[in-house]
Amino acid sequence: MVRGSLLALLAVLAAAQPAPSAAPPAPSAGPARPRFAAPPAGERVLVLWTAGVQGYVEPCGCTADPLGGVARLAAAVDEAKAAWGKRVVLLDGGDLLFERKDDIAAADRCQAEAKADLLVGTLAKHGLAATALGPLDDVRGPSFRDVRLSRAAIPTVGVGSPRALGDGARAKPRLLLELDGVMLGVTGFSAGRAEDAPAVRAALEREVRALQREGARAVLALAQAPRAVTKLVVRGLPGLDAVLQGRAPGELPLEPEPLVGEGGVGPVLLAAGMQAQHLGVLELVLEGRAPGAPLALDDRAARQQARRRLLEVKSKSLDDELGRETVGSRRAFLAERRRQVTSELAALSEDALAAPLAAPHLRAWSLPLPRGSAEEPNAAAALAAYQASVPSLVERCEAEAPCPKAPPEAPRYLGAVACAGCHAPAVAFWQAQQVQRPGKDAQGRAITRVVGHARAWQTLVEEGKERDRSCVPCHAVGFGEPGGPCTTTDVVKGGFSGVQCESCHGPGSAHVGAGGKGGVVRAPDEARCRSCHRVPHIATTDSFDFADRRRLILGAGHGLPAPKERAP
């Protein structure tokens, strides 16, 4: 990453409010806190939660250390229950089943059904007590979701606007859960627009008061709304202790944000990221709480995690600068700054917090689920069975769903072979271009990964994912697009495997038909790259620097001069 981009990123991270609350720690730093320790005696409960899972039963394998997966999630839940016993509850904030609103292709149906069954079944077996209804849950129609949740006895909770929640018949307004003698109230809301906020707030406030009358010692809300709308609905709302943001504002967890109103009360807003890369954790310490009294926020651990992440970014920036500054006073200055950052990181890794608060309080953090994390055996076996079934599932649905015909005027994808006749130097550079990147193997051990556009398909083959329709689009040319292959078999037979010329420059038939004059995108923009270089295919949105990555794919005959190359 270039120096200017890194400095800009550091400034953004330093000034951002709220700040990221958790990230995978550096290998030398260790976790910020024990995963789960047995609590002291008293009136305490532990809430585990996810939001914006988006159908991810396993992490995308494209990043250096892929986070998430149902087997790791299940193991963390079991570990919490082993420590806390019956005082643990698992909740979900909605957008559980799908990543995109256009995920409706008939050829994807078999795999989508199996993935949803695995996800819902695993969460049900590990005690999912409630979920919310998000806009990505009904992509394949209400019955697709409702049948599975009903079969698993997982209720939906929430009040809200008709446009966000339908007719309301699909959700209970509230739940009262008994956790080893402690009563926990759970409600929720759906709101799509700022103008919905007053009516939704009034309905939510009624449910909070009802839960308090029914004996709830604490009340939580699952929020299915844009973050800005969530704040309008809940800020200063009396009796509500915490809000679990269900419509993920970004890929990273955020620092707990108090939403105190004019009366000095209000809930804490929590965000645990997306795609179950992290497990949200909320500890409620309730002994001595008077009815209606607010809970204090103990955010010391979250602030430590935020500081650690900023220091890790600074450390990377300083390493890059030290690599360029080989001698002189500037290098000495950078080396001293690097030593200071390393020292502070080491001190933070000890997680030496002050004594716990004595007053009733809550604290929240997010638990990353990286490679090398424990996996629950039954969930791991179910995931392995799903993975083994993908080729036959895809074959069946691809056979049942003929490829849609492209309009006659639509350009067609031809494959790199058609490009080589006129652009041989560019194709030769593309075939040879590779980059070494640090990564982790399945056990979490450090490895070096060799990546490159030309071998993108090979990475799927090596992982056994070449028939997985959720992976193929970013590892092949024109998959599922007009004029491109629509089955995984067509990818191989038609010579469309790998990230080829047309992946960036667009379908080439018009270019060829015009004798090499126009018809393609000569200089693809950042948006084109980010259609695939996005979370979860990259660690974070900020980790992809367009200018830096673009330099890696330019060379003789491909963006740089080459003798006798014919310009498109």
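These are legends for several close-up views of a predicted model. Local features are kept at pLDDT of at least 70 and side-chain atom pairs at pLDDT 80 or more, while totals for chains, interfaces and linings use all residues. Numbering runs from 1 along each chain as its sequence is written, and side-chain values use heavy atoms, leaving out hydrogens and water.

View 1. Gln54 sits in the loop that runs between strand 1 (44-50) and helix 2 (70-84); helices (H or I, at least four residues) and strands (E, at least two) are DSSP runs, numbered from the N terminus. With a relative accessible area of 12%, Gln54 is buried, the label for anything under 20%, with exposed meaning over 50% and partly exposed in between (1.4 Å probe, protein chains only). Setting aside neighbours within four places in sequence, Gln54 is in contact with Asp95, Leu96, Leu97, Phe98, Glu99, Leu136, Met274 and Gln275. Contact here is heavy atoms within 4.5 Å.

**View 2. Asp95, with a positive phi.** One of the contacts of Gln54 is Asp95, and its phi is near 55°, a positive value in a residue other than glycine. Look for Asp95 in the loop between strand 2 (88-92) and helix 3 (109-125). Asp95 is buried, at 4% relative accessible area.

**View 3. Ala276, also with a positive phi.** Ala276 isn't glycine, yet its phi is positive, near 55°. The loop between strand 10 (268-271) and strand 11 (278-285) holds Ala276, which is buried at a relative accessible area of 4%.

**View 4. The aromatic pair of Phe98 and Phe144.** Search the whole structure and you get 1 aromatic pair. Phe98 and Phe144 make up this tilted pair, with 5.3 Å from centre to centre and 50° between the planes. To pair, rings of Phe, Tyr and Trp (its six-membered ring) need centres within 6.5 Å; planes under 30 degrees apart are stacked, over 60 edge-to-face, and the rest tilted. Phe98 belongs to the loop between strand 2 and helix 3, and Phe144 to helix 4 (residues 142-151), so the pair links distant parts of the chain, 46 residues apart. Both Phe98 and Phe144 are buried.

**View 5. Arg148 over the ring of Phe144.** The charged end of Arg148 sits over this ring, 4.1 Å from its centre. The test is NZ of Lys or CZ of Arg within 6 Å of the ring centre and within 35 degrees of the ring normal.

**View 6. His537 and its surroundings.** His537 is in the loop between helix 17 (526-530) and helix 18 (546-552), and counts as buried at 16% relative accessibility. Not counting residues up to four places away in sequence, His537 touches Cys60, Cys62, Thr63, Cys474 and Cys532. Pro66 is 471 residues away along the chain, but the C-alpha atoms of His537 and Pro66 are separated by 8.7 Å.
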